[in-house]
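Subject: A structure for you to look at

Hello,

Here is the structure I promised to pass on to you.

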Amino acid sequence: MTTVLITGATAGIGAAFARRLAGDGHDLVLVARDEERLGRHATELHDRHGVEVEVLAADLSQDKGIEAVEERLRDRERPVHLLVNNAGFGNKGSYLEVSLADELKMLKVHCEAVLRLTSAAAEGMRERKRGAVINVASVAAFVPRGTYGASKSWVVQFTQGAARDLAGSGVRLMALCPGFVRTEFHQRAGMGTDNVPGWLWLDADKVVTAALRDLSQGKTLSVPDPRYKAMTGLMKLAPRRVVSRASSTTGRKYGPK
Ligand SMILES: NC(=O)c1ccc[n+]([C@@H]2O[C@H](COP(=O)([O-])OP(=O)(O)OC[C@H]3O[C@@H](n4cnc5c(N)ncnc54)[C@H](OP(=O)(O)O)[C@@H]3O)[C@@H](O)[C@H]2O)c1
């Protein structure tokens with residue numbers, strides 16, 4: 001029996017990982033801030049799939065929250081075999097419209113928490129010569145898209161660099177870069193998405209299926225869906241100015257403050 005710890009496990013992509021991995025028979029540790037919602041998800045997954053589901057309420061924008069999850073990941077008596085660093089959010093507004101405090105909060109959740117939790121998990125995995133980490137980034141990592149894109153770019157570079165450093169140790173790391181996925185993300189960030197064409201939207205369950213397939217094939221970077229694979233290829237060829245204009249506006253219409 002293996003155990004998977006998923007951050008941001010109560011909604012969207014994280015909840016899709018939890019459903020799929022519970023269905024595959026893995027025990028779970030679910031992390032998010034809303035304790036009541038965590039409890040409901042845990043009960044549902046346990047009742048439906050018969051797996052053990054722990055909940056860990058933690059705010060990953062706070063040291064205390066990160067420390068609580070680090071402690072769970074370092075518990076040698078209850079090893080975690082797969083860590084999915086998925087918790088994340090968008091801020092409402094473009095650069096200078098967002099407060100510095102909110103920009104720093106994003107870096108804490110998207111970068112510092114990912115670094116600290118990956119490290120806490122990977123040490124034990126390396127000792128056991130077995131384990132994997134999926135760090136959820138975004139296709140925004142490949143284009144200029146405010147602090148969000150910059151933070152996701154860090155996730156990709158960090159993950160692929162660490163994967164290289166740990167090659168041959170039995171520990172696999174993969175950055176997952178989805179495009180637009182129908183979740184609570186855009187509504188929570190107050191982002192209008194009416195200028196995002198319907199064909200660009202992905203389904204969270206399909207994103208997870210593609211991610212787990214890519215992980216099993218030993219990839220260190222997963223871009224689910226052929227449409228986004230083609231687009232990321234084209235982005236490398238198109239003039240930076242054109243890519244920058246399109247990427248910094250699509251799906252970034254903010255409502256009233
Ligand atoms: N949706 C997209 O189009 C898209 C595309 C590419 C990449 N992504 C990335 O995919 C990941 C998941 O996003 P999603 O679309 O599934 O978003 P979502 O539906 O809004 O879910 C976000 C999850 O993260 C948790 N969370 C948020 N802030 C947290 C914090 N400070 N501490 C702990 N947990 C926190 C939320 O639960 P609580 O509120 O209870 O904490 C929730 O479970 C993010 O990293 C996002 O950047 C999303």
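Predicted model: local features only at pLDDT ≥ 70, side-chain atom pairs only at ≥ 80, totals over all residues.

The protein chain contains nine helices and nine strands. Its radius of gyration is 18 Å, close to the 18 Å that the globule rule gives for 257 residues, so the chain is as compact as a globular protein of that length. If you follow the C-alpha trace along its principal axes, it spans about 50 × 40 × 35 Å.

Next, look for the sheet. Seven strands form an open sheet with parallel pairing, and their order is β3-β2-β1-β4-β5-β6-β8. At the edges stand β3 and β8 (221-222); each has a single partner strand, so one side of each is left without a neighbour in the sheet. Helix α2 packs on this sheet, where it touches β2 and β3, and its direction makes about 170 degrees with that of β3.

Strand β1 (residues 3-7) runs parallel to strand β4 (residues 82-85), and three bridges join them. Within this pair, V4 stands opposite L82 of β4. Another helix to find here is α4 (residues 100-128): it packs on the sheet and touches β4, β5 (131-136) and β6 (171-176), with its direction at about 165 degrees to that of β5.

The other pair is β2 (residues 27-32) with β3 (residues 53-57), which are parallel over five bridges. Here A32 has A57 in β3 as its bridge partner. Between these strands the chain passes through helix α2 (residues 35-49), and this β-α-β crossover from β2 to β3 is right-handed.

Finally, which residues are closest to the ligand? They are G8, G12, R33, G88 and F185, out of 29 residues that surround the ligand. Two elements give two or more residues to this shell, namely α1 (12-23) and α6 (185-188). Helix α1 gives the most, with three residues. By type, the shell divides into 13 nonpolar, 10 polar and six charged residues.

Enjoy exploring, and write back with any questions.

Best wishes

How values were computed
Residues numbered from 1 in each chain as written. Pairing = 2+ DSSP bridges. Helix = DSSP H or I, 4+ residues; strand = E, 2+ residues; numbered from the N terminus. Right-handed = clockwise from strand over helix to strand, strands pointing away. Near = placed C-beta within 6 Å. Nonpolar A, V, L, I, M, F, W, Y, C, P; charged D, E, K, R; others polar. Contact = placed C-beta atoms within 7 Å. Axes fitted to C-alpha atoms, helices over the stretch in contact; angles between N-to-C directions. Rg over C-alpha atoms; globule rule 2.2 N^0.38 Å.
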